[in-house]
Amino acid sequence: MAEQIVWRDGRTPQSARFGDIYFSPDDGAAESRYVFLDGIGAPDLWRDRPLTVLGETGFGTGLNFLLTWQAWRQTAARSARLHYLAVEGFPLSRDDLGRALAAFPALAAEAAALLAVWPLPHPGHHLLDLDGGRVRLHLLIGPVEAAMRGASARVDGWYLDGFAPSRNPDMWTPAVFAEVARLSAPGARLATFTAAGQVRRDLTAAGFALEKRPGFGIKRECLHGRLEHPPSAADPTPWFRRGAPAADGPVAILGGGIAGASLAAALRRAGRAAVVVGAGPVLARDGSGNPSALMKPRLTPDGHPYGRFHALAWLHALRLYDSLDAPVWRDGRGVLAAARDEAERTEQEKLVAALGWPEDDLRLVDAAEAERLSGCPTPRGGLWFGRAGCLHPQALCPALAEGTPVRLHTRVAGLERTAGGWLLRDPDGGAVMEAAAVVLALGAALPDLWPQADWPLGRSRGQITFLPASAAGPRRAVSFGGYLTAPFADEDGRLIHALGATYDRWRHRPEDWRPVRAADHDRTLALLREALPEAAARLAAEPLGGRAGLRCTIPDHLPLAGPVHDRPAFLAAFADLHHGRRADLYPPAPLHEGLYVLGALGSRGFQTAPLAAEVVAANIAGTPRPVDADVAAALHPARFDVRHLKHPPQRQARDRKGAQADRQ
Ligand code: SAM
């Protein structure tokens, strides 16, 4: 639910919750500039920085942000980047935001751009790119202290802008200030409108050296300062450390599927030079090579890292794909998840109630509405995902990679560490290129190139079946355990559906998975007939062919996204992790400098690759992490080793025996 606003004099927004105004009715823009921009020493603060990270507690109407963006654009170098990390617990609706910002005609262009990307109030990280990607508004929606506790950033300048401390004490606690200090770069600047004694004392205790200065207009005083005594608190999980940003120089992205293309987009936005190296003749082949890819979220009703990652990855991917100026969607948005039985219908009802997502994203539909929306008869209705749809991977991947050099027909078979980074070798041992950093985004070929990580990866072969579309058949994609895409024109101009997919563990040589098998068509058709008999009867049962792909799978169904650890050194450094020693007694995790992975995307790469790529790009570029600490840990490439070290198999067996003895 969006925040409730009361309009003072019909134009000044006031929070119904806190009974305080968002900005001063007497020249709010001048006051913001004076208190905040001048307070952190802008524009000098960003003048020579290629990347400036600003932080704000209390995004509110975005007035401070828009003023900063405007000033930054007028004074920063053309190649520079601004990353604005703002925490907000109670976001305004888009309508209220527009109404509030209408008070500042000089910011009309910036306000319109902000309104165009303003997200729905889902909790968590929202990456909103503006100014052609030079400016990123990183909106972190959630209660201030918890939201900051999950964050990782090095902020150069802070705006502390909660409502007045007397009305809004949660924004001004020692715990919040400790987070401000933890998330600060050395010498970070800070500005706030209040000079309340408690705020001054607690900020000083957090390590800031503060100065009072005259307030704006009739106000007496305000504060500014800088971090003089950075906190020394230890990293509570040194085994999951992010690593230092990669050295300057080009990043080689190995793999030309959705992972590689998403990385190209994320690194380009971060201002890092990269090259996509693909083994095939075009982008989007192998695991990403189906002609129509179902894009539908994987949602869970709980708040576990798995569900939170999937929900935010979905929103991020939608925003990214919808921002591309290319026909990346196949015709017709909206996907029906048919309820196959009463138990599934009950699960769907629970999910909708638990998430409380807006109806445009997700709603329950009965049988009649399901058929009206999708053209697919279903006995029990299902869930309707209004913004889901089918993607055209061969249009999407090139659109994501546009602007990044691509080297095709280039197979990389080995990596060698050099003084300046990594040397890529071809299968004959010849040098392909040297790069400052490398990201392994190789789909099912990942274990072949980097076996030393010993990730518990599997390969799964998936076959889809092409069926001729009929006027009586579904108009939109339907999932039912399997899935049927909306009709689309194949390369020969025939209107077809793709029916998918098989999911078979593949242990054979990688070359053998391609030939399409008649027996697999029979299996996908049988699944359709069983789940949706009426819809199946309306479609011709004779396949027009099909396609097979190979997925890279992993037991916990989450991507590997982050730095690659030096496994032997890592296992030695954390060998006694199961003893539960204090985290600060361990060394930082040994990582392969400049080596990263984005893999194990399973069958959900189109939903998860863009956000997982942002996690990797944030590691490489040293920008604020776009997911919470527990989500980053759930994606971290060392997670299986950490689990194993914390619970060695002998210990698990002993615990099991002990539990049995207790029961007897
Ligand atoms: N900087 C804003 C601007 O430029 O419009 C004005 C911010 S307004 C004075 C304070 C903001 O802090 C409100 O948007 C409010 O929702 C937010 N806030 C208050 N308490 C919070 C909390 N506990 N956690 C997160 N945000 C909170």
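Biologist: Are V251, A252, I253 and L254 of strand 11 (residues 251-254) buried or exposed?
Modeller: This is a predicted model, where local features need pLDDT of at least 70, side-chain atom pairs count only at pLDDT 80 or more, and totals for chains, interfaces and linings use all residues. Residues are numbered from 1 along each chain as its sequence is written, and side-chain values use heavy atoms, leaving out hydrogens and water. Strands are DSSP E runs of at least two residues and helices are H or I runs of at least four, numbered from the N terminus. V251 and I253 cover one face and A252 and L254 the other, and all are buried (under 20% relative accessible area, 1.4 Å probe, protein chains only).

Biologist: Which residue of strand 12 (residues 274-277) stands opposite L254?
Modeller: Strands 11 and 12 pair in parallel over four bridges; pairing needs at least two DSSP bridges. L254 faces V277.

Biologist: Which residue of strand 22 (residues 437-440) stands opposite L254?
Modeller: Strand 22 also pairs with strand 11 in the parallel sense, over four bridges. Opposite L254 stands L440.

Biologist: Which residues come nearest the ligand?
Modeller: The shell holds 22 residues, each with a heavy atom within 4 Å. Nearest are E56, G58, T61, E88 and D161.

How values were computed
Buried means under 20% relative accessible area, exposed over 50%, partly exposed in between (1.4 Å probe, protein chains only).
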